[in-house]
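Please read the following briefing alongside the sequence and the coordinates.

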Amino acid sequence: MPKITIDGREIEVADGRTILQALDDAGLLMNGVDVPHYCWHPKLAVDGSCRLCQVEVEGIPKLQIACDTPVRDGMVVHTQNDRVKTAREGVMELLLVNHPLDCPICDQAGECKLQDYAYDYGAKASRSKEPRRALKKNVDLGPTIVFDQERCILCRRCVRFCREIPKTGELAIFNRGDHSVIETFPGMPLENDYSMNVADICPVGALTTKDFRFKIRVWFLHDVPGICTGCSNGCNIHLGVANNKVYRYVPRRNDAVNDTWMCDAGRMSYRDIGAPDRLRECLVRDESGQLEPVGLDRAIEVAAGRLNRLIESKGAGVIAGLASAHATNEDLFTFWRFLAALGSETSGVAVVCGKADDLLVKEEKAPNAAGAREIGFGDARTVVDRINSGAVDAVIALGHDVLQEGLLGSEEPLAGLDTVIVLDTHASAIQRVAHVIVPVRHAAEKLGTFVNAARRVQRVVPAVESAWETYADGEVLAKLGAALGLDGFDGSHDAHQVARDLAAANPGFAGIDLDSVGDAGCPLADSAASGAER
Ligand code: SF4
Ligand code: SF4
Ligand code: FES
């Protein structure tokens, strides 16, 4: 591997990399070695248009752009000397000649690369006496994005993104020279499943999302690392949190999962967290058939009473468990142990399926179908068949995905059961037939792990607390297990301990705990010997 020296620091570089790529590979770019850049993006083709990344390479008379200069063995690079600094100041001065003084009203302020680099390399005052160029403001590019032409620095990241990633190519540069502007092609709005990524990669406030703009100043947001739960790809995200509220999801770079992208549907799924249809209280059905709000202890007491009565009269074989692919591994493993201790013979996981693509979006619309299967849950069709055949008298359901077409189709088949206990985040038709309902936490409110479609274990941590009493599914099951007097259940639930128990019990999770998994996740261990289907 070639060795190069950058600012006196020697690094080994893979063959064929450019100077910026070498710094990025080594984790040093803007993290020890500052080479400001606008047009270069680690996941897009090189453009070489902004000229901000100029560096000095010994033996080459002119400054070179680091984003398009391949490394060679023995190369010596200077990124911080006076020559380089003067060149960057020149580029910044030209970029700022026409840039509007919009920062106080610009949504990008606080996370704007033009602000950041102007702070480092900008002149204190403009030498230009000409009026700034007046262009279009608030251009509606499509359903998700608004464009401010005056703020655009023509780095072409958005153009390359649309051509290279979703391959839809809606954006282009029109006109030439200082008349150049970004536009959509006539009759072709910016409308693809990944369109909102252009706002993330636009280094200035030219492209903003209709959803997030003007909601909150970004410096009030606290970024919490998490996982999108929209499908089984498990894209890594930052949850932007302020005032105990999630304001946005933005992609978090993980080259093993989602590079730096996420789909628009997943991005908008943050709205589920505070949705009006979140379940907010425990409910039990009274003798008149009405659902009555109760505390958790009473809900557990009623659930345990109904299950005990059934076990005494018919045995635990008539009780079925429906797992959720939205639950964490820790919740699911608690459920698995609960069903085993109870003596239930029927369980499965229901997974809603939908449209997939060949970029990120997966068919399974939940984050943890692979985890549920790894733990041992089979297909929910087994449970559905037994319900339809009359072999089941009680169901304990995590979530309501079993209502989808192809499984139960509706809540009707559950209406005749003796007992339906539901642990869920959001209201659904299953409530019409449930006898006990307990509100549980959204992934943004709890600690645990998911396994994505590529069998990677990834962690979520609590980003917000719900304003009402909610519980992790495992917590409720631990209490229910204790109320039923099940072996191994004393009513307590600690996700850390459950993860360690899971690692000990299941070879797939061997060596993985809630700390070691980290923010980047890790692959599931070989799981050939784990998880027999119930
Ligand atoms: S809109 Fe943003 S990303 Fe696109 S060219 Fe302009 S500055 Fe670059
Ligand atoms: S591809 Fe899936 S995991 Fe990624 S953002 Fe979209 S819905 Fe979420
Ligand atoms: S980042 Fe190198 S020219 Fe723009």
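In the lining of the largest pocket, 20 residues are nonpolar, 9 are polar and 14 are charged, where Ala, Val, Leu, Ile, Met, Phe, Trp, Tyr, Cys and Pro count as nonpolar, Asp, Glu, Lys and Arg as charged, and the others, Gly among them, as polar. This is a predicted model, in which local features need pLDDT of at least 70 and side-chain atom pairs count only at pLDDT 80 or more, while totals for chains, interfaces and linings use all residues. Residues are numbered from 1 along each chain as its sequence is written, chains are lettered from A and ligands numbered from 1 in the order in which they are written, and side-chain values use heavy atoms, with hydrogens and water left out.

**Pockets**

- A pocket is an open set of points on a 1 Å grid over the protein atoms alone, where a 1.4 Å probe fits and protein lies on both sides within 12 Å along at least five of seven lines; lining residues have an atom within 4 Å of a point.
- The largest pocket has a volume of about 1200 Å³, a volume being the space filled by probe spheres set on the points, which are joined across faces, edges and corners.
- Of the 43 residues that line the largest pocket, Lys113, Arg157, Asp200, Ile201 and Pro251 lie nearest its centre.
- Strand 13 gives the largest share of that lining, 4 residues, with helices (H or I, at least four residues) and strands (E, at least two) taken as DSSP runs numbered from the N terminus.
- The second largest pocket holds about 730 Å³ of space, and among its 32 lining residues Thr229, Gly230, Asp272, His326 and Lys365 lie nearest the centre.
- The lining of the second largest pocket divides into 10 nonpolar, 11 polar and 11 charged residues, and helix 6 supplies its largest share, 3 residues.

**Ligand 2**

- The residues surrounding ligand 2 (a heavy atom within 4 Å) include Cys228, Cys231, Cys235 and Cys263, together with Met262, Leu360 and Val361.
- By class, this shell around ligand 2 has 7 nonpolar and 4 polar residues but no charged ones.

**Rings and charges**

- There are 9 aromatic pairs, counted when ring centres of Phe, Tyr and Trp (its six-membered ring) lie within 6.5 Å, with planes under 30 degrees apart stacked, over 60 edge-to-face and the rest tilted.
- The Tyr38 and Tyr117 rings form a tilted pair, because their centres are 5.2 Å apart and their planes at 55°.
- Arg337 lies over the face of Phe489, at 5.0 Å from the ring centre, the criterion being NZ of Lys or CZ of Arg within 6 Å of the ring centre and within 35 degrees of the ring normal.
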